[in-house]
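Hello,

Here is the structure I promised to pass on. Please open it first, then read my notes below.

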Amino acid sequence: VIFEDSNEGSIQVAREISDLIRKKQALGENCVLGLATGSSPIKVYEELVRMHREEGLSFSNVITFNLDEYLPMDKSNMQSYYYFMHEHLFNHIDIPAESINIPDGSLPQEEVVDFCLAYEKKIKDNGGLDFQLLGIGRTGHIGFNEPGSHFNSGTRVITLDHITRVDAAPAFLGIDNVPRKAITMGIATVRNAKRIVLLGWGDNKAKIIKQTIEGKISSQVPATYLQEHDNVTFVLDKGAGGEL
Ligand code: GLP
């Protein structure tokens, strides 16, 4: 779906998420959301916060799993996705602290593998992801599933692509400060979500969006795996949809 601008698209996506939360509330069920970081989802989170403040939208039945986190990364670090999520969403809504799950980039190396397996299991134990929000990186990554990621991959440690580190460099005040690794949900983790929405804003995403939607399915552009999902929507602005 191509919207006039990112504002309109974000409001539409926030509405879909709030409808799902309310529907689950009415059924007395939890709503399990997979959440993304980066600039793309910021307006969606802003709108959800507004709905909480002005329309009484409650997140008391919501359980969240974030896609990824840099490794190593301290929670208190302003570049952490932990910090990002609290700043843009969690600090402003009534979600119980124990319902928030974000990959832990501060673990000692020997504990990371077990953490990844437990993260994957926790998603399953909660009934799987009802809704997964995604952005897309210039390499075609979703979460931090860089080119070469396997179709059946689960939550694991990944080495970041050079292009990804270049894109992250401004936020870290130089590429040398960008971590070389990350923990990310896998392609299979994302694929198992019942509903997926990928956000793409601006001309600089036009090329990778075209490859993702119209290109051949390939591990070289991991986002192309989404073509095989039966309930995915790409929500774009005119810039990002410009080459379709
Ligand atoms: C990072 C995140 C991705 C995100 C991508 C795009 O690499 N790990 O989840 O989709 O950036 O970021 P942006 O939305 O800022 O373009």
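**What I found**

Ala118 sits in helix α4. Helices (H or I, at least four residues) and strands (E, at least two) are DSSP runs, numbered from the N terminus. Residues are numbered from 1 along each chain as its sequence is written. The model is predicted: local features need pLDDT of at least 70, side-chain atom pairs count only at pLDDT 80 or more, and totals for chains, interfaces and linings use all residues.

A residue is buried if 20 or more other C-beta atoms lie within 10 Å of its own, exposed if 12 or fewer, and partly exposed in between; C-beta atoms are placed from the backbone. Ala118 and Asp104 are 14 residues apart in sequence. Their C-alpha atoms are 12 Å apart in space.

Now the whole helix. α4 covers residues 109-125, which is 17 residues. At 1.5 Å a residue (times one less than the number of residues), α4 should span 24 Å. Its end C-alpha atoms are 25 Å apart, so the two agree.

Cys116, Tyr119 and Ile123 are buried in α4. The buried residues of α4 pack against several elements, including β3 (62-66), β7 (156-159) and α6 (187-191). Contact here means C-beta atoms, placed from the backbone, within 7 Å. Just after α4, Gly127 has a positive phi of about 90°.

Best wishes

Technical notes: Contact = placed C-beta atoms within 7 Å.
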